[in-house]
Every structure is written in C-alpha cells, then in structure tokens.
Amino acid sequence: MSVENAPVVDVDEAAIPVEKKMYYRFESNDKKEFRVSELAIQQSETLNRLVEAMGYTSEDVENKPAIAIENIDGKTLKLVFQWCEHHKGEAIPVDDGSVPKIVEIPEFDAKLMDIDNGLLFKLIWAADYLNIVQLLNVSCKKVANMAQGKTPAQLRRVYLLPSDEEDEAAKRAAQEAQDPRAREVEEEFEERKRQGGNSFF
Amino acid sequence: MELCKKLPKFPLLFLPIIVIENALRNLNPIELIKFSQISKRCLKMIKYSTRKNPFKIIVTFSHSPQIRIKSGHDFYNMARPFFPEDFDVNLDKYGCVRILWSANWIEYILDALNCKINDFSIRSEECLYSFPFIIDWFSTMKHCLEFAAFEGQAIISEHLKLFLEACKTTRGLVLSLYQSYEILPVDINSLKMDYIGLSGRTQSLNWITLNTIMSFDCIDLKLGEFVFAETEMNLFLKDFLKGRILPRMKNFWIELLPMNFQLLTDGIEANQREKTVVREYVHKYPMLSITFRGRTDVHKESGELVTFEQSPPPSPFDPNCKARFRMVVW
C-alpha cells in the first residue's frame with residue numbers, strides 16, 4: 001500500500017502515553033551529587049549495567065540514596081556526565097583494531113578536554129573505569145596528539161618515561177626490596193662468573 | 001631548554017596498560033618509531049600495541065635510501081626524519097654507509113611495528129657493488145611481497161638472476177632494463193604473478209622471446225619496446241583467444257613497430273566497432289582506467305569479449321618509433 005492510499009486516523013495526542021525521562025542520582029567520592037538521564041547513562045557500560053541490575057523505579061531514584069561512585073571525584077565526574085549528556089543516544093563505537101586508530105575529536109569534546117593534564121589523567125581513568133568507549137577514545141587521542149612533532153627525548157619528557165638506566169635502577173631497587181638475599185646470591189654468581197668459574201656450586 | 005620547560009607533562013605509564021595501548025594506537029608510524037626509540041620498555045610497548053602487519057612497508061635501494069610506510073591513503077617517509085647527523089655528507093662519500101644504515105634501519109622498523117616488507121625495489125646503478133649484500137640481506141628478511149622492481153642502466157645477468165630468485169613470490173613484478181649492452185639470457189619462463197611489467201630499450205630486451213612471454217601466467221602484462229612481427233603477434237593472438245596461453249590475462253599492453261592490421265588479424269574473426277561506441281575499462285590492481293572509442297572486438301573461445309586497439313606512433317615519420325598495442329578482456 002502506498003503512502004497516499006494509507007487510511008487517515010485522527011489521533012488524540014493527549015491520549016498518547018508520554019514516556020517519563022528518568023534521571024539517576026550519582027555521588028562522587030567528595031560527596032557531590034549529579035543527576036544523569038537514563039539515555040546518557042547508556043554511554044557508560046559500567047553504569048548502565050549497574051542501574052539495570054538495581055532495577056530502580058522513578059520513586060526509588062528519588063527516595064533512595066544517590067549511587068556512590070567511590071573512586072571518582074566531583075570535578076572529574078562532572079566532566080564525564082557533561083560528556084555523556086552531550087553524546088546521549090549516539091552509537092557506541094566498535095574497535096576494529098586498526099593502527100593508527102581513526103578518531104576525530106569533536107569541537108564539544110575539544111572544549112571539554114581543554115583542561116590541565118592532571119584532570120585529563122583523572123578523566124581517562126574515569127572513562128576507563130566507567131567503560132565509556134568513545135570518551136576513552138577521544139581522551140586517548142588527545143594524549144597521543146601531545147606526541148606531534150616531538151623528538152624521542154622530548155617525548156620522554158612529555159610522557160614522563162624512564163630511560164633504560166632508570167628502568168634498570170628501579171628493577172634493581174625492587175629486587176633488593178623484595179628479597180635482599182636473592183640479590184646477594186646474584187652478585188656472588190656474577191662475581192664468580194667474572195673470575196672464570198664454571199660452576200656456581 | 002626553554003622549550004623543554006614548556007612541554008606539557010603527562011604520566012602515561014600510570015594509566016592502565018589497555019589505555020596506554022589505546023593512546024599509542026593513535027600515533028602515526030613516525031611517532032610510533034620515535035616513541036620506540038625512547039627505551040627498551042617503550043619499544044616493547046609499541047610492539048605490544050600494534051597488531052601484525054598494520055602498515056605496508058615500501059623499500060627502495062637507490063642513491064638515497066627510501067623507506068616508506070603506507071597507512072591507509074597516507075605515505076610516511078621513514079628514512080629522512082631519522083637520518084643520523086651529517087648523514088647526507090657521508091651518503092655521497094660512502095655508498096656502504098647508506099646501504100648498511102638502510103638495512104639496519106629497516107630491520108628495526110619491521111621488528112618494532114610487527115611488519116613485513118611489501119614493496120621492494122632496487123636501482124641497479126646505485127647499488128652495483130652492494131647488490132649481493134642487499135639480496136642476501138633481503139632473503140633473511142620477513143617479507144610478503146606485493147610488488148618487486150629491478151630497474152636501471154647497469155643490469156647484469158647475474159644480478160637479475162639473483163633478484164628473480166629472491167622475489168619469486170611477489171604479486172607484481174617490474175623489470176625496467178635500460179642497459180646499453182646485451183646481457184646473457186636469464187630464465188624467466190613460467191613467471192606466475194598478477195602483474196608483470198617488462199620494459200626497456202629494444203636491445204636490452206632482445207633476449208626475451210615471445211615464447212617466453214607466452215609461458216607467463218598473469219592478469220596484467222605490460223611490455224615495452226619489443227620487436228615482434230605481425231605474424232608472431234597473430235599467432236600470439238590466436239593462441240590467446242583459444243585459451244592456450246595466458247588464461248588469466250585481462251589487460252595486455254605492448255610497444256611495437258606499427259603492425260599491419262590485416263596480417264595481425266589474419267584468420268581471426270574481428271569486428272571493427274564505430275567510434276561512437278565508448279566503453280570504459282576499469283581495473284583495480286594496478287589502478288587503471290582505459291576509455292575505448294570504437295576499436296576492434298574479438299571473442300575468446302570461452303565466449304569472453306576481447307577488445308584491442310593500436311595507437312598511432314607518437315612520431316609517425318620516425319621508422320623506429322614504436323606504437324602501443326592494447327588489449328583487454330571484458
């Protein structure tokens with residue numbers, strides 16, 4: 001049947017049940033409370049599963065205590081929920097394993113992430129913990145963009161990466177802290193090897 | 001020093017490993033290699049973050065080492081940004097420096113990025129003395145060749161033989177032989193690839209017979225400056241149409257002296273099409289688009305339609321000027 005031939009039915013719009021938007025309440029580890037829409041929560045796999053498992057009704061949401069997110073502070077959580085609200089309803093990207101990843105940072109996200117690196121670091125941890133795939137992608141892209149046009153020495157300073165010598169020293173220190181006797185045995189073994197001994201025992 | 005103070009600092013290693021991997025996968029090949037050069041741990045992180053063969057590696061041994069990476073539609077020069085200091089000066093003084101540097105550097109890139117060599121080319125005159133070393137080295141390298149090319153004016157039989165031996169499993173092969181002297185014939189019978197290109201001067205290709213070409217098995221065949229007669233090409237066409245030779249061939253190109261149409265099509269049922277009949281032939285590998293206006297149609301015994309054309313020579317008054325003969329299977 002074509003659209004033109006379809007029967008016309010008068011509809012009483014007031015009679016159509018309007019689906020109530022549900023807003024969940026979350027609390028950061030510094031006791032700041034946020035109200036987040038059900039649709040925005042879907043961007044976070046962790047929170048989505050959590051609220052599904054809780055099975056809250058609209059009344060529960062209002063009457064029960066806010067859901068505590070204990071390892072994220074208010075400043076970070078505010079950014080996370082701003083992002084989720086802005087991107088609510090968008091499809092969650094699937095990782096195809098490509099290198100380099102094709103990630104564009106939208107204008108809103110770029111403004112949202114115009115923050116100091118300390119807060120960016122917390123935002124990435126939060127995106128990973130809450131499993132918000134696209135927020136993690138754009139924030140990781142922002143971190144990767146710091147590498148543009150840098151030499152290896154500059155990259156080392158930007159990403160605070162230890163040199164081989166520093167790695168070795170840290171490894172030795174960790175070994176010593178763990179088992180001082182093992183270190184002594186290793187040194188004795190090295191000494192005997194230097195002296196040309198064939199067998200340790 | 002001032003720049004270093006201004007650089008933003010981000011404690012990458014304090015992120016979960018899966019997040020570090022996500023961030024590193026946003027780096028382009030040059031940034032990945034620069035990151036891998038920071039320390040052994042960084043090299044391991046890059047190796048861990050990149051899946052197998054994420055990029056196409058294109059290597060050319062020439063006067064200046066050329067190592068390129070193709071990622072999507074982008075090409076990255078992996079040599080020049082990493083040249084050691086004063087390398088350009090040494091490049092001219094010591095040929096061995098550039099060859100050894102290229103070999104070591106390619107090995108490092110392949111290892112760091114979990115890649116294999118996909119395109120491999122040698123320019124003969126630039127690598128005459130180091131040729132055996134290059135071939136020996138290449139034979140030990142991980143490669144999955146899509147394209148191999150040997151070209152230049154200083155080709156010798158021994159090198160050609162070694163090159164063909166090393167690159168026998170490639171998807172496309174190009175030999176551009178421009179030496180001014182005759183070389184001893186090399187066995188190139190029964191080459192089996194998707195694309196074969198043989199070009200050069202007439203005297204540098206005269207050891208390649210039509211029988212040898214008829215023994216190939218390929219989809220695309222491009223031949224430059226040969227001296228086959230109409231009668232030979234007539235036999236070639238007949239055998240091709242009967243399906244006796246080059247059964248997979250879809251696109252054929254050869255440069256020859258202009259051929260007499262009657263002799264070329266003797267014994268073949270050919271149908272001359274009006275110029276108003278415009279047909280476009282598009283081919284994916286190598287990327288190719290040809291527009292036929294009219295031209296001659298013939299049929300293979302299998303029923304496939306074949307169209308060919310002979311373009312007029314670029315210099316009609318030069319008796320040695322070659323004309324282009326092109327044939328496609330629709």
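Which residue of β3(A) does F26(A) stand opposite? It is I67(A). Before going on, the ground rules. This is a predicted model, where local features need pLDDT of at least 70, side-chain atom pairs count only at pLDDT 80 or more, and totals for chains, interfaces and linings use all residues. Residues are numbered from 1 along each chain as its sequence is written, and chains are lettered from A and ligands numbered from 1 in the order in which they are written.

Back to the sheet. Strands here are DSSP E runs of at least two residues, helices are H or I runs of at least four, and both are numbered from the N terminus. Chain A has an open sheet of three strands, in the order β2-β1-β3, with mixed pairing. β2 (33-37) and β3 (67-68) of chain A are at the edges with a single partner strand each, so one side of each has no neighbour in the sheet. β1(A), residues 23-27, pairs with β3(A) in the parallel sense over two bridges; pairing needs at least two DSSP bridges.

Now the record. UniProt, in an unreviewed entry, lists "domain: SKP1 component POZ" for residues 26-88 of chain A. Such positions use the numbering shown here, feature names are shortened, and annotations may be inferred rather than shown by experiment. That stretch is 52% helix and 14% strand. An unreviewed entry also gives "domain: SKP1 component dimerisation", at residues 134-178 of chain A. There we have 76% helix and 0% strand, with the end C-alpha atoms 40 Å apart.

Next, α7(A), residues 133-145. Its 13 residues reach 18 Å from first C-alpha to last, close to the 18 Å expected; the expected span is 1.5 Å times one less than the number of residues. Of the 13, 10 are buried, meaning 20 or more other C-beta atoms within 10 Å of their own, with 12 or fewer for exposed, partly exposed in between, and C-beta atoms placed from the backbone. Among them are L135(A), V138(A) and K141(A). What do the buried residues pack against? α4 (74-86), α5 (107-112) and α6 (117-129) of chain A, together with α2 of chain B.

That takes us across to chain B. 30 residues of chain B are in contact with 32 of chain A, contact being C-beta atoms, placed from the backbone, within 7 Å. On the chain B side, α2 (17-24), α3 (29-36) and α4 (40-49) each give two or more residues. Chain B itself has 12 helices and 13 strands.

Note on methods: Two residues are in contact if their C-beta atoms, placed from the backbone, lie within 7 Å.
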